Amino acid sequence: MYNMIYNTRGIVLRQLKYSETAAITKIYTELFGLQSYFINNVRSRKSKIKSNMLQPFTLLELGVYHKEKSGLQRIKYADVLNPAFGITSDVIKGSLAIFLTDVLGHSIKEQECNQKMFEFLMNAILELEALRGSCANFHLVFMMQLSRYLGFYPSSQSSAHDCIFDKREGIFVPVRPEHPDFIVPPLSNYIIHIKNCSFSESKNLKLTASERSELLHHLINYYGLHLENFNKIKSHHVLEAVMG
């Protein structure tokens, strides 16, 4: 039975229409990890939690009821921490938010607190909102940094001769592996640059549209080698179409 209200911050990942008046919203919370919340009357004028508060990458201050092992939780109240206007009003940033929340939805499974990952995601969203100029490489840096919290961040140990990236092992090697999952120069060199790049520096990466697309497909494949069912992701096609 729901009785105690917990205060927690949350990151909206996805909103699913449940009925004409209700929605189920996937939110990555600070206290409980990934949770699904049933929200009634979300499209009603009188509702305190409105549909426009549940856009991808909106940051919320929440009062939630929490029941262990429950498939659906409930929200008592929600206040927006970032109106996310800088994301939703920008076609590129909005497309990035949709793609990256899709990445998170296919990557994060645990229903438990992970403070370091939560803080990383909060910071990344604020960086995306604040970013001026091109954000065309933001998703590449995001996926690279996220892999650190998912447990398969590429090894930093390499030498001048280790120029081929082995995606299965997450390491740089001097000769081609005997399997097909690797990246050769010059794209493998960009993997090193992306590893060492901050969000604000991502606009300084000099990539052609073709190179960017190829690197994205390599990163999706890299995730798919380390996460079950990740290769089912499709939203990158929309992102690439928007970016051109």
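Colleague: Which residues of α5 meet α6?

Modeller: On the α5 side, L187, Y190, I191 and I194. They meet E211, E214, L215 and H218 of α6. Keep in mind that this is a predicted model.

Colleague: Noted. How does that contact of α5 with α6 split by class?

Modeller: Five nonpolar residues, one polar and two charged.

Colleague: And at what angle do α5 and α6 pack?

Modeller: About 75°, with the axes 11 Å apart. Angles from 65 to 115 degrees count as roughly perpendicular, so α5 and α6 are roughly perpendicular to each other. For reference, α5 covers residues 187-195 and α6 covers residues 209-226.

Colleague: What is K195 in contact with, leaving aside neighbours within four places in sequence?

Modeller: M144, Y153, P154, S155, S156 and F172.

Colleague: Which strands does α5 lie across?

Modeller: β6, β7 and β8. The helix runs at about 145° to β7.

Colleague: What order do those strands take in their sheet?

Modeller: β7-β6-β8. It is an open sheet of three strands with antiparallel pairing. β7 (171-173) and β8 (182-183) stand at the edges. Each has a single partner strand, so one side of each is left without a neighbour in the sheet.

Colleague: How many bridges pair β6 with β8?

Modeller: Two, in the antiparallel sense. β6 spans residues 164-166. D166 stands opposite F182 in β8.

Colleague: Switching topic. What is the strand order in the closed barrel?

Modeller: β1-β2-β3-β5-β4. That makes five strands, and the pairing is mixed. Neighbouring strands there are turned by 50° against each other on average, direction ignored.

Colleague: Mixed how? Which strands run parallel, joined by two bridges?

Modeller: β3 (residues 33-39) and β5. The bridge partner of Y37 in β5 is Q73.

Colleague: And the antiparallel pairs?

Modeller: β1 with β2 is one of them, joined by seven bridges. β1 is residues 5-17 and β2 is residues 23-29. G10 stands opposite T29 in β2. β4 and β5 also run antiparallel, again with seven bridges. In that pair, Y65 stands opposite R74 in β5.

Colleague: Which of these strands does α3 lie across?

Modeller: β1, β2, β4 (59-65) and β5 (73-82). α3 is residues 115-130 and runs at about 60° to β1.

Colleague: Last one, α2 and α7. At what angle do their axes cross?

Modeller: Roughly 165°, and the axes come within 9 Å. Over 145 degrees counts as roughly antiparallel, so α2 is roughly antiparallel to α7. The crossing is left-handed.

Colleague: Which residues make the contact?

Modeller: From α2, V91, I92, S95, L96 and F99. From α7, H236, L239, V242 and M243.

Technical notes
Residues numbered from 1 in each chain as written. Predicted model: local features only at pLDDT ≥ 70, side-chain atom pairs only at ≥ 80, totals over all residues. Heavy atoms only, no water. Axes fitted to C-alpha atoms, helices over the stretch in contact; angles between N-to-C directions. Helix = DSSP H or I, 4+ residues; strand = E, 2+ residues; numbered from the N terminus. Parallel < 35°, antiparallel > 145°, perpendicular 65-115°, else oblique. Left-handed = near helix turned anticlockwise from the far one by under 90°. Contact = heavy atoms within 4.5 Å. Pairing = 2+ DSSP bridges. Nonpolar A, V, L, I, M, F, W, Y, C, P; charged D, E, K, R; others polar.
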